[in-house]
Structure formats: C-alpha cells, structure tokens
Amino acid sequence: MSSSRFTSTLHQRDARTQLFDGYDASRSSSPSLGNSSNGTPSGFRAATPNTRGQYSDAVMSGLESQNENEMEGLTARVRLLKDITMKIGEEVRDSTKFMGNLESGFDSTRVRLKGTYNRLMRMAERSGVGWRAWAGFFFFVMLLFFWVWKF
C-alpha cells in the first residue's frame, strides 16, 4: 500500500518548464528568441549530426561558444570559492592568535593574583592577627558601607 503525501503533481514540474510558463515565442519582439524554420529558437542551433554522423561547423562553433561561456561562469565561481576559503583561513589564523594572546593574558593575571594572595597571607602572619580576624574586619567594613549606602 503506497500513499503519496502530496495530493498534487505540481511539485514534480521541471524547473525549466516553470521558468518559461506563459512565454509565447511568436509574440516576442526580440529577433534572437523567435522560432527558426526547424522549430528551435533562432538563438540556438539543433545539435543533430548529418547522415554521416558529422556536425556542421556552425553547430560546432555554437557548442564551443556555449562551452566557453560555461567555463567562464565556472571559473568565476571557483575564484569566488577561493576568495572565501582564503578569508576563512585568515579568520582562523586571527582567531588562533587572539586566543593565544588571551590565554597568555589569563596566565599572567593568574600569576599576579597568586603573588598578591601570597603577600597578603605573609602580611597577615607577620601582624600576628589570624585570617578570621581579617575576614571579620572586611565583613564589618562592607556592612558599614552597606549601612551608609542604604540609609
């Protein structure tokens, strides 16, 4: 039992067909888009070989021209991708350098804070007052600041 989740077949239409819906070549004012005698638009040549399997020079030059146009488009896209890739590489290098600088900054700050803590502990030991007394004094000062600020 197979069921389709789509009730319409509109989703199955070819994208090229959708592009040219409503286009009438006979009403076209452009001479390059009109119909030629063999039923193909005049801007394009039929790419069918003759009885010996050979293509005409005009067909070959038209195909070569189309090939060159496609190559130019592909070259432009490759160039764009190359530029984007190079910019991504530069961003990665800059981010790596920034992270390295940030890491060294944090390391130097850690060393300074550790040294300051050690000096404060030595000062507290030399003064003969324990760390609990210093913590109480700090708490009292903070309470005093809070009291003045609030009232």
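Leu-80 is exposed, with a relative accessible area of 52%; exposed means over 50%, buried under 20% and partly exposed in between, with a 1.4 Å probe and protein chains only. The residue sits in helix H2, which spans residues 57–127. Helices here are DSSP runs of H or I with at least four residues, strands are runs of E with at least two, and both are numbered from the N terminus.

Together with Leu-81, Ile-84, Ile-88 and Val-92, Leu-80 makes a nonpolar surface patch of about 480 Å². Patch residues have over 30% relative accessible area and no salt bridge; nonpolar side chains (Val, Leu, Ile, Met, Phe, Trp, Tyr) are joined within 5 Å, like charges within 9 Å. A salt bridge is a side-chain nitrogen of Lys or Arg within 4 Å of a carboxyl oxygen of Asp or Glu.

## Basis of the model

The model is predicted: local features need pLDDT of at least 70, side-chain atom pairs count only at pLDDT 80 or more, and totals for chains, interfaces and linings use all residues. Residues are numbered from 1 along each chain as its sequence is written, and side-chain values use heavy atoms, with hydrogens and water left out.

## Overall architecture

The chain comprises three helices and zero strands, in the sequence pattern α-α-α. Of its 151 residues, 3% are buried.

Two aromatic pairs are present in the structure. Trp-134 and Phe-137 form an edge-to-face pair, at 6.4 Å centre to centre and 85° between the planes. Rings of Phe, Tyr and Trp (its six-membered ring) pair if their centres lie within 6.5 Å; planes under 30 degrees apart count as stacked, over 60 as edge-to-face and the rest as tilted. Because Trp-134 and Phe-137 are three residues apart in helix H3 (residues 131–150), about one helical turn separates them. Trp-134 is partly exposed, at 36% relative accessible area.

The pair of Phe-146 and Trp-149 is tilted, because the ring centres are 6.2 Å apart and the planes lie at 50°. These two residues are also three apart in helix H3, and so about one helical turn separates them. Phe-146 is partly exposed at 44%, whereas Trp-149 is exposed at 66%.

## The largest pocket

The largest pocket holds about 220 Å³ of space. Its lining includes Tyr-117, Met-121, Glu-125, Trp-131 and Trp-134. H2 and H3 are the elements that give two or more residues to this lining, and H2 supplies the largest share, six residues.

A pocket is an open set of points on a 1 Å grid over the protein atoms alone, where a 1.4 Å probe fits, with protein on both sides within 12 Å along at least five of seven lines; lining residues have an atom within 4 Å of a point. Volume is the space filled by probe spheres set on the points, which are joined across faces, edges and corners.

Notes. Accessible areas come from the Shrake-Rupley method with a 1.4 Å probe; for residues, only the protein chains shown count as cover.
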